[in-house]
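Colleague: I have a new model open and want to learn how to read it. Can we go through it feature by feature?

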Amino acid sequence: MNIRLFKPCIGDEELEAIKEAFGRAWLGLGPKVNEFEKMWSNFIGCKDSVGVNSGTAALHLALSSFRFPAGKKVLVPVMTFASTAMAVLYNNLQPVFVDMDEMTSGISMEDLERKYDKDCVAVIPVHFGGHPVAMDQLNSWAKSRNLKVIEDSAHSAGGKYKGKALGTWGDIGCFSFEEKKCMTTGDGGMISSDDEELLKPLRHSRWVGINKDTWQRVKETSSSSHNDPYHWYYEISDIGYKYNMNDLMASIGIVQLDKLENMNNRREEILTAYLQGIQNCEKVRPGIPYHLENSSYWMFMVKVKQRDKFILYMKDKGVSTGVHYIPLTFHPYFQPFKTETPVADQAWKEFVTLPLFPELSTEEINYIIQCINDYKG
Ligand SMILES: *Cc1c(COP(=O)(O)O)cnc(C)c1O
């Protein structure tokens, strides 16, 4: 056995979509990006979406849309991928690290209240591993403190909380289509909101600040009624980045979005098997309270007391493992922002991520469960 940790679920349909993009010979920012954005908005149920080239770029731009004064503070979980906090620093803001909730491994509501002060302007909840943050509670708390909510939904494309799509609860939602996530475009990301005015400037800032994309200009020029020698004209009125999604990514995204519900259902099935399979195992316990209905769990995380031993044991059995994540303040770069996060500082030492992807076979799942149950510690 040699079982990897994550594997994108891609095949002939994606290849066909790429082939069509090649046939059109338009690979950059173009009509497929618009099409994918509309499909995405429809799918999650929001007014508008802007496609970018990564989830990190999505977070950077989403936060920039509020034009917070430099030096203000943004509350972020300490237990997340680096991008959540990097996006704060890209905007010349200060990350304030919030401890983990022991039960959910997501952001702790109690510690949010403790860490809040008057300089805080926003909070970025992360649906850790795909487990939804209680967004109704978080939103009402944030509103009472006058904070903007940027939802980092990188782990939870297609998931819901109380029947409403994750990524549509906050002021802005950010998604990642990196190859390991719930669905992929190779690399890619999406910014979604019901506030179209908030997103409008982001169409420029993802395209080096240019107020008219090339496809728009080509379309206008080629229309028969067009007779404007200034068709090439555009304006730059604000800072911009080279963050656009391109037609190649969007072509893959359209196919993947079509498959997303099936892929998430398959993840649910696998998690059901895992959770049943290890329910009597004392050494290895689920690390997240998996509520599987309407879910989009991106990883299978367990807690193991002697983690290193378990990781080597699984390696010996041919099963890949990972650790998500080292608390961010343990990294040298984030150390100046260190705060008290006693729960995360302890809990992460037991975290182990096990294989989860739609194409994991029943045989492989049963094998992994067997290995876990045979583990003597
Ligand atoms: C993956 C991830 C991101 C960044 O997404 P990319 O597409 O890889 O840039 C942001 N936040 C979290 C929590 C992630 O896991």
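**Reading the model**

Modeller: Start with the secondary structure. This is a predicted model. The protein has 12 helices and 12 strands.

Colleague: How does the radius of gyration of the protein compare with that of a compact globule?

Modeller: Set the value against the rule for the chain length. For 377 residues, a compact globule would have a radius of gyration near 21 Å. The protein has 22 Å, so the two agree. Along the principal axes, the C-alpha atoms fill a box of roughly 80 × 55 × 35 Å.

Colleague: What share of the residues in the protein is buried?

Modeller: Buried means under 20% relative accessible area. Of the 377 residues, 55% are buried. The exposed surface comes to about 17,000 Å², and carbon and sulfur atoms supply 51% of it.

Colleague: Among contacts between residues at least 6 apart in sequence, what percentage joins residues at least 24 apart?

Modeller: For the protein, that figure is 73%.

Colleague: How many positive and negative side chains are there, and how far apart are the centres of the two sets?

Modeller: There are 42 positive and 48 negative side chains. Their centres lie 3 Å apart.

Colleague: Now the annotations. Which residue does UniProt list for "active site"?

Modeller: Treat a record as a record. The unreviewed UniProt entry lists Lys181. The annotation "modified residue: N6-(pyridoxal phosphate)lysine", also from an unreviewed entry, covers Lys181. Such annotations may be inferred rather than shown by experiment.

Colleague: Where is Lys181, and is it buried or exposed?

Modeller: Lys181 sits in the loop between strand E8 (172–176) and strand E9 (189–193). Its relative accessibility is 13%, so Lys181 counts as buried. Leaving out residues up to four places away in sequence, Lys181 touches Ala154, His155, Ser176, Arg267 and Trp298.

Colleague: Next, the backbone. Which residues does a cis peptide bond join?

Modeller: Most peptide bonds are trans, and most residues other than glycine have a negative phi. Here a cis bond joins His324 and Tyr325, with omega about 0°. Tyr325 is in the loop between helix H10 (307–316) and helix H11 (342–347).

Colleague: And phi? What is its value at Arg67 and at Ser105?

Modeller: Arg67 has a positive phi near 50°. Ser105 has a positive phi of about 65°. Arg67 lies in the loop between helix H3 (55–64) and strand E2 (73–77). Ser105 lies in the loop between strand E3 (94–98) and helix H5 (109–115).

Colleague: Are these two residues buried or exposed?

Modeller: Arg67 has 56% relative accessibility, so it counts as exposed. Ser105 has 0%, so it counts as buried.

Note on methods:
Residues numbered from 1 in each chain as written. Predicted model: local features only at pLDDT ≥ 70, side-chain atom pairs only at ≥ 80, totals over all residues. Heavy atoms only, no water. Helix = DSSP H or I, 4+ residues; strand = E, 2+ residues; numbered from the N terminus. Rg over C-alpha atoms; globule rule 2.2 N^0.38 Å. Buried < 20%, exposed > 50% of the residue type's maximum accessible area, 1.4 Å probe, protein only. Contact = heavy atoms within 4.5 Å. Areas by Shrake-Rupley, 256 points an atom, 1.4 Å probe, with all protein chains shown as cover. Lys, Arg positive; Asp, Glu negative; His and termini not counted. Charge placed at Lys NZ, Arg CZ, Asp CG, Glu CD.
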